[in-house]
Amino acid sequence: MAPASTSVFPASVVPLAPEDPLFGLMAAYRADDFKEKVDLGIGAYRDDDAKPWVLPVVKRAQEILRNDPALNHEYLPIAGLAPFTSAAARLILGSDSPALKEGRTTSIQTISGTGAVHLGGLFLSKFYPRPASQPVYFSNPTWANHNQIFSNVHLPIKTYPYFSPSTRGLDFDGMISALESAPEGSIILLHACAHNPTGVDPTREQWKEIAKVVRARNHFPFFDCAYQGFASGDLGNDAWAVRYFISEGFELCIAQSFAKNFGLYGQRAGCFHFVTSPSADARETVKRIASQLAILQRSEISNPPAYGARIASLILNDEKLFAEWEDNLRTMSGRIIDMRRALRGKLEEMGTPGSWKHITEQIGMFSFTGLSEKQVAKIREDAHVYMTKNGRISMAGLNTHNIDYFAKAVDKVVRETS
C-alpha cells in the first residue's frame, strides 16, 4: 500500500472559510430550546403562526401541473421556459413597455435572483468596456451576497452611501455625491424596491434625480428586483423605478427573483433581462447579447430547472390565476405592514427612548431597527431574539403572538444600554 501523502491543498492554500453569518444565525436559533425564542433573521415570509405559507394560487397551479398528462421532465432550452421569461419581462417592464414593443430586450431564466445577479455580473465582467480597475458600485449596506457574487466574477467593488444612521432613512445627498464622483461609465447596482437590508427606498422624485446623475455620468444601471409586489402589494408601484429608467432611454439590466413574491424559495425561479437603448440597430444589438448570455448559461448550468418556472408561468399567463396571485401578494404585504404599525405603536406606547417612526417609513420584508451591535447581542442573550448583528430584522418573523414579547425586549435593551 502506498504511503499516505499530504493534500496539495494545505491550509495555507485553502484556509477554512468563515461560516455564512445568516446561516450561522439560523443554526443558532434552531439549537436554542427556549420556548419563547424569536427568529427575526430568516428572509422568508411567515404567516401569523410563524409557519411557511404556500400561496393558495401556487397550490392551484401545482394541481394543474399534477393533472397535466403532457407534463414531462425533459430539459428546458438554455434560455429557459419561453412563456415564463416573456411573462416575467412583461411583469417587470410593463406590458406596454416601449422596450418590449421595439424588440430591444432579451430575457433568460436563471437560478432565482442570485443566479440572475451572477449571470449579469459575469456578462458585464466579460463584455462591458471599462478599465480593469474600475469598480462596480452598490449601496452601503447592501445584500451581503452582492459582495461575493461580483468578487467571484472579478469585478472590483465599491460602495456609495445609502443608509443614514442618524435619520434611519436614505442618505440621499451622500448617494448623489458618490454617483457624481464615480468614474464615468461605472456600473451602478440599484435595488428596485424594498431595499435589502434597510427597507429604505428613494421617493419617485429622488429616483428621477438619481436617473439624472446616472445619465450625466454615463453610468450603467443594474437593477436587482427581489420583491416586486411583495413590498407594497402593488406590482406596478414596485416596478416604477425600473420602468422610469427605461422610459428615459437607458440601457440597463435587471435581476428578477420569484422566491419571495411567489413563495417559491426552494424552486429557484428567476430571470435576467437585458434592455438595450433605443437605436436603429437595437434589435441586432440585443440579438448579439442574447447569444453571449446563452453561451455563459450553457457553461454554468446548461439548462435552468423547470418546476418553479412552470408554476410561475401558469399564474403569470392566466388572467384568473394572476388576479388571485395579486390578492395573495396583498395578504403578505398587508400582514407585514400591520406588523410595522403594531411594533411602532407598542414602542411609542411604552415610551421607548428614541424615535421609532422609521419602522413604518421603511418598506418590505426587512427593517433596520437602529439597534447597535451591543444591543443585538444583549437582546439575544437575555430574550433569545435572533437578528443580524447590524440590527436588521425580518418583519415577517413578527406576528400577533410574539410582537408584545419582542417590543418589551427592545424597550428593555434600549433603556439598559442607551
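The model is predicted: local features need pLDDT of at least 70, side-chain atom pairs count only at pLDDT 80 or more, and totals for chains, interfaces and linings use all residues. Residues are numbered from 1 along each chain as its sequence is written, and side-chain values use heavy atoms, with hydrogens and water left out.

**Domain record**
- UniProt, in an unreviewed entry, lists residues 36-409 as "domain: Aminotransferase class I/classII large"; such annotations may be inferred rather than shown by experiment.
- That span is 47% helix and 15% strand, and its end C-alpha atoms lie 12 Å apart. Helices (H or I, at least four residues) and strands (E, at least two) are DSSP runs, numbered from the N terminus.

**Sheet**
- An open sheet of 7 strands has the order β2-β10-β9-β8-β7-β3-β4, with mixed pairing; two strands pair if DSSP finds at least two bridges between them.
- Its edge strands, each pairing on one side only, are β2 (105-111) and β4 (157-161).
- Strands β7 (residues 187-191) and β8 (residues 220-225) run parallel and are joined by 5 bridges; Ile-187 has Phe-220 as its bridge partner in β8.
- Strands β2 and β10 (residues 269-275) run antiparallel, with 7 bridges; Ser-107 has His-273 as its bridge partner in β10.
- Strand β2 is largely enclosed by the rest of the structure, because 6 of its 7 residues are buried. Buried means under 20% relative accessible area, exposed over 50%, and partly exposed in between (1.4 Å probe, protein chains only).

**Salt bridges**
- The whole structure has 14 salt bridges, each defined as a side-chain nitrogen of Lys or Arg within 4 Å of a carboxyl oxygen of Asp or Glu.
- Arg-66 and Glu-63 form one with closest N and O atoms 2.8 Å apart; both lie in helix α2 (residues 56-66), 3 residues apart. Arg-66 is exposed at 59% relative accessibility, while Glu-63 is partly exposed at 38%.
- Glu-102 pairs with Arg-104 at 2.6 Å; Arg-104 is buried at 3%, and Glu-102 is partly exposed at 37%.

**Surface patch**
- Val-8, Phe-9, Val-13 and Val-14 make a nonpolar patch of about 420 Å². Patch residues have over 30% relative accessible area and no salt bridge; like charges are joined within 9 Å, nonpolar side chains (Val, Leu, Ile, Met, Phe, Trp, Tyr) within 5 Å. Areas come from the Shrake-Rupley method with a 1.4 Å probe; for residues, only the protein chains shown count as cover.
- Val-13 is in the segment before α1 (21-31) and counts as exposed at 52% relative accessibility.
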